[in-house]
Amino acid sequence: MANTPQARKRIRRNDRRAEINTNRVSRIRTFVKKVEAALAGGDKAAAAEALKAAQPELARGVSRGVIHKNTAARKMSRLSKRVAAL
């Protein structure tokens, strides 16, 4: 268990940041699911709009450090490819 004041503070801070980062990742997943739902429905216009909204969210996740750069690039690439194929 943490005994120093610094270590205790670090634990409190880590708990707060973990909650914030969890919410960020969840928000990104929601945007990606909206694109996938539009793709499943076969609506190209809706899928393109959803993708347009999801791309900045993925980029923001990378800049905040909650998802890896290559993961975001891979997701954007695969979603873009699927939207273009509709």
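**From one residue to the whole chain**

Apart from neighbours within four places in sequence, Glu57 is in contact (heavy atoms within 4.5 Å) with Arg27, Ile28 and Phe31. This is a predicted model, in which local features need pLDDT of at least 70 and side-chain atom pairs count only at pLDDT 80 or more, while totals for chains, interfaces and linings use all residues. Residues are numbered from 1 along each chain as its sequence is written, and side-chain values use heavy atoms, with hydrogens and water left out.

Glu57 belongs to helix 2, residues 44-64, where helices are DSSP runs of H or I with at least four residues, strands are runs of E with at least two, and both are numbered from the N terminus. Glu57 counts as buried because its relative accessibility is 8%, the cut-off for buried being under 20% relative accessible area with a 1.4 Å probe and protein chains only. The side chains of Glu57 and Arg27 are joined by a polar contact of 3.0 Å.

For the chain, the secondary structure comes to three helices and zero strands, which follow the pattern α-α-α along the sequence. The C-alpha trace spans about 60 × 20 × 15 Å along its principal axes. Of the 86 residues, 22% count as buried. Among contacts between residues at least 6 apart in sequence, 59% join residues at least 24 apart.

Key: Buried < 20%, exposed > 50% of the residue type's maximum accessible area, 1.4 Å probe, protein only. Polar contact = N/O pair within 3.5 Å; in protein donor to acceptor, adjacent residues only side chain to side chain.
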